[in-house]
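Visitor: Please give me a close look at how the elements of this model pack. Pick one part and stay with it.

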Amino acid sequence: MCSRFVNRSPSRTTIREQISVLRVRPVGWRTVSDLTDLERRRLESLLSTYPVLGEIGARFTDAGHELVLVGGPVRDALLGLPVHDLDFATSATPDQIEAVLAGWADAVWDVGRDFGTIGARKGGDQLEITTYRTDEYDPATRKPVVAFGDTLDGDLSRRDFTINAMAVRLPDGEFVDLFDGVEDLADRRLRTPVAPELSFSDDPLRMMRAARFTAQLHVSASDEVVEAMTQLAERLQIVSAERIRDELSRLLCAGSPVDGLRLLVATGLADQMLPELPALRLERDEHHRHKDVYEHSLTVLEQAIDLEHRLDERPDLVIRLAALLHDIGKPKTRRFTDDGTVTFHHHDVVGAKLARKRLRALRYSNDVVDAVCRLVELHLRFHGYGSGQWTDAAVRRYVRDAGPELERLHILTRADSTTRNAKKALRLQRTYDDLERRIGQLAQQEELDSLRPDLDGNQIMEILQIGPGREVGEAYRFLLELRMDRGPLGEDDASEALRSWWAARS
């Protein structure tokens, strides 16, 4: 089925010759012959693993249309990565696409007819099919202006990067690489099919994608791409917050997000969409009395990722955002005392407010915003623990304030230790180990993770002979604080304490 892999570029003749230069990491360097067989088998396996590719290709060919598998799935197959999405391009219009799929696909839906995209499901496979197109970004709007094209060459030329501008014609398996995408994969190089200034002007979000692919695929942007990103950084302002948010989230959830973040900062793109990050590059005082906050934050992010195994879901966007933003209050709170000491008093509280403002501007969900801001606000709380002299009441409050973010707070607090002093690092680790042990012990003793007063609202009203209102809430809070200080009391002791409080209050 996949016997014809023919290179369309005039400088090459076969897929075997192209793939012979491809190096794959992190498996290690391979001989030329190994790489040739390996990568050829990967492309052949792509077609044999998904029989749906041959089926749908035959249907489009029989109907007189071209169909190619394009972009991400071809790239990922060459890299030996799992292929999750099946993206196609075709000479057929959206109406013609639907006609070809009718009676064959299990479901068909309109992903974006104005952009030429139709979605379908066949068995367990999800398909997305888009009409050949050319587009550009209207300077006066926030959306691409789309014009349908009629050639594969034109469609590939408008793709974001050469490594995403490779295609496999269906159903015969002819490989198309007009812009040396395989060679760029070999060199781990990120280039654009056309001049990067033109590509990024057409769709400024591609500059963020460059950072994301840097984090995701361990590629390096070419000098021309970096220069264009720097020159056109301000053009990102015309892109909607939602699109920027989605790209930032993909970058943060990639394997090496720090690489992508460094590129965003270096090119000035971060100043446009996350200015709090480059603001962390505080000038070091001449006596080096505080850490490089920017580098510290990136290290904390990496260390938090190393601890994500403690969570059920990985990668975890909330912990990664919190790790990145936990110190963004420092630039606004930095003060120099008379003796030259640097302080950042209340940077946790200020940082939580700044994080909330930025994440809302990026249109993150309320759940994400609340979780990240709670972690930023609490990330210093542990340092009051000292050598373990907290009372049980203080431990209960720590758990109560963390709420559902307790496990993430454990991760963030541990990741926030970036000292090079081995003894100090070990001491902090052991102290936090002790705090987690105490939390576990208290949790077993009194169901700490669902802290509630010993009496509920109905019981409070019955004991005090009052109706619903403000006083019930005050009584509830009194009992909760009592629960924190003294642990479980039982209904009788709690009732007596409530009556005493009420009598003293009256």
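Guide: Start with a helix pair. Helix α22, residues 457-464, packs against helix α23, residues 470-486, at an angle of about 110 degrees, and their axes lie 10 Å apart (lines fitted to C-alpha atoms over the stretch in contact; angles run 0 to 180 degrees between N-to-C directions). α22 is therefore roughly perpendicular to α23 (65 to 115 degrees). On the α22 side, Gly457, Ile460, Met461 and Leu464 make the contact (heavy atoms within 4.5 Å). On the α23 side, Val472, Ala475, Tyr476 and Leu479 meet them. By class, this contact has seven nonpolar residues, one polar and no charged ones (Gly counts as polar, Tyr as nonpolar).

The model is predicted, so local features need pLDDT of at least 70 and side-chain atom pairs 80 or more, while totals for chains, interfaces and linings use all residues. Numbering runs from 1 along each chain as its sequence is written, and side-chain values use heavy atoms, without hydrogens or water.

Seven strands make an open sheet with mixed pairing. Their order is β3-β4-β5-β2-β1-β8-β9. β3 (107-112) and β9 (175-177) stand at the edges. Each has a single partner strand, so one side of each has no neighbour in the sheet. From one strand to the next, the twist averages 30 degrees.

Look inside that sheet. Strand β2, residues 86-90, and strand β5, residues 125-131, pair in the parallel sense over five bridges (pairing needs at least two DSSP bridges). Alanine 89 stands opposite threonine 130 in β5.

Helix α5 packs on this sheet. α5 touches β2, β3, β4 (117-122) and β5, and its direction makes about 10 degrees with that of β4. α5 spans residues 94-101, and its buried residues are Pro94, Ile97, Val100 and Leu101 (buried is under 20% relative accessible area, exposed over 50%, with a 1.4 Å probe). Down the axis of α5, these buried residues fall within an arc of 120 degrees, so they line one face of the helix (directions from axis to C-beta atoms). The face of α5 turned away from that buried side carries exposed Asp95 and Ala99. After α5 comes glycine 103, whose phi is positive, near 80 degrees.

Finally, the whole protein. The secondary structure comes to 24 helices and 13 strands (DSSP runs of at least four residues for helices, at least two for strands). Of the 506 residues, 51% are buried. Among contacts between residues at least 6 apart in sequence, 66% join residues at least 24 apart.

Definitions and conventions. Parallel < 35°, antiparallel > 145°, perpendicular 65-115°, else oblique.
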